[in-house]
Amino acid sequence: MTSTSDDLATFIVVANRLPVDRVVNEDGSIDWTTSPGGLVTALEPVMQRKGGAWIGWHGAPDETVEPFHHEGYDIVPIPLSAQEVTEYYEGFSNASLWPLYHDCVVDPEFHREWWDSYRTVNTRFAEKVAKRAAKNATVWVQDYQLQLVPRMLREARPDLKIGFFLHIPFPPIELYQHIPWRGELVDGLLGADLIGFQTPGAAHNFARLAHHRDGVTGPDDSDDIATLSDGRVVKIKDFPISIDARGFHELASSPQVHQEAEEMRKELGNPSTIIFGVDRLDYTKGLRQRIRAIGELFDEGKLDQDDCVFLQLATPSRERVEEYKILRNDIDLLVGRINSASDTLARPRIAYRHTSVPRSTLAAMYQIADIMIVTPLRDGMNLVAKEYLACRDDDNSALILSEFAGAALELDEAYMVNPYDIDGMKATIMKAINDSPQARAQKMRAMREQVFAHTIDDWADSFLTELGE
């Protein structure tokens with residue numbers, strides 16, 4: 001880690017979290033390693049070329065970390081207090097906005113203290129960006145935690161070129177109107193020159209809201225622009241995000257991953273069919289419905305535990321938030337009930353893992369998955385489906401995909417399900433298992449072609465080109 005000066009940056013990414021993870025060495029010294037996330041993979045080469053800065057929280061409350069240089073660009077940490085983590089992040093971001101943006105799968109909560117903290121933290125981010133941005137710099141703000149930042153930046157630094165991208169769904173106006181501070185949030189986003197969404201539907205939902213704001217003109221059916229009273233035009237467009245398909249494929253094709261996959265299949269008892277699901281342990285992912293469907297198929301004898309195993313990986317998420325605690329208990333009880341009905345102790349019906357795994361282990365799991373089941377109740381995109389397709393060595397496999405995932409618009413050859421329809425999901429699972437190898441291969445080839453043709457680099461390039469960068 002090297003220190004950084006306060007030099008101004010011509011390209012700045014602003015996100016709730018920084019693209020680095022802290023590593024404490026044996027001697028107590030601290031290093032920072034690049035995070036493995038897809039957003040980092042997409043934007044790091046851009047920042048290295050431009051010598052920019054990434055502004056965000058480093059992940060620990062009540063701690064101030066000095067800026068430093070990392071892999072060709074500057075890291076600028078934003079401090080958050082423990083109270084702000086509770087109110088801004090766990091509260092307004094993840095107990096107010098997150099459930100509402102996901103079709104109110106659970107009831108959102110609205111508290112004035114949370115909103116005040118959200119506004120305070122957004123102000124802190126905007127002030128830091130305004131200080132670090134060079135004249136006429138490009139600033140790319142990421143996701144729902146920072147929706148007030150574009151307007152704040154526009155007022156402080158009208159010279160900046162500002163883009164915003166929302167990684168999660170954007171709800172219809174009928175749901176959005178529940179937010180007491182809906183006007184401030186919409187106005188916050190309209191501070192950007194370009195607002196990006198995962199799907200055309202999300203872009204349309206926001207355009208409807210924008211056109212109802214005072215001082216915004218444009219026909220209600222114009223989804224691509226909003227003209228403000230000062231004459232400034234805001235572009236509104238969908239940019240479906242993707243993955244580093246080539247990188248995932250190379251990882252999954254490595255001898256180490258192939259060996260881990262063989263050992264994993266053997267550990268599961270070498271079943272003829274492995275059904276696999278991987279999700280954050282989040283109530284939007286449809287885990288309750290999926291596990292119920294699988295359990296009923298075992299109970300009815302349509303799935304034979306001598307030949308089939310359902311492997312579910314649930315990575316920990318927001319474990320201090322009450323709804324997530326309830327979900328974890330529900331899933332533990334549901335899996336336990338299904339496995340307790342097993343005829344043998346040798347192999348459970350559901351191999352359930354509540355843990356995080358390295359990317360190489362995840363690639364091995366994709367390798368052994370004959371059937372991949374991705375059934376969120378609502379998702380902005382869902383990159384798991386695309387990762388599975390990139391990691392497969394052969395096409396005699398199947399992807400079961402929720403029609404409520406953004407990825408369904410691109411991967412329309414998948415076996416589609418309505419995750420709320422348990423009987424329909426059961427029928428689709430059996431169809432995917434019993435379909436002919438030729439039919440499954442045709443679907444897989446079409447979807448793999450799509451994933452390799454539209455990569456994470458294309459996503460970043462298309463957004464920045466539209467922004468005029």
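Phenylalanine 165 and phenylalanine 463 are both buried, where buried means under 20% relative accessible area, exposed over 50% and partly exposed in between, with a 1.4 Å probe and protein chains only. This is a predicted model, in which local features need pLDDT of at least 70, side-chain atom pairs count only at pLDDT 80 or more, and totals for chains, interfaces and linings use all residues. Residues are numbered from 1 along each chain as its sequence is written, and side-chain values use heavy atoms, leaving out hydrogens and water.

The structure holds 24 aromatic pairs. Rings of Phe, Tyr and Trp (its six-membered ring) pair if their centres lie within 6.5 Å; planes under 30 degrees apart are stacked, over 60 edge-to-face, the rest tilted. Phenylalanine 165 and phenylalanine 463 are edge-to-face, at 6.3 Å centre to centre and 90 degrees between the planes. Phenylalanine 165 is in strand β9 and phenylalanine 463 in helix α16, so the pair ties together parts 298 residues apart in sequence. Helices (H or I, at least four residues) and strands (E, at least two) are DSSP runs, numbered from the N terminus.

Next, the tyrosines. The ring centres of tyrosine 366 and tyrosine 388 are 6.1 Å apart with planes at 65 degrees, so this pair is edge-to-face. Tyrosine 366 counts as buried at 1% relative accessibility, and tyrosine 388 at 0%.

Strands β3 and β4 pair in the antiparallel sense over 5 bridges; pairing takes at least two bridges found by DSSP. Arginine 22 has tryptophan 32 in β4 as its bridge partner.
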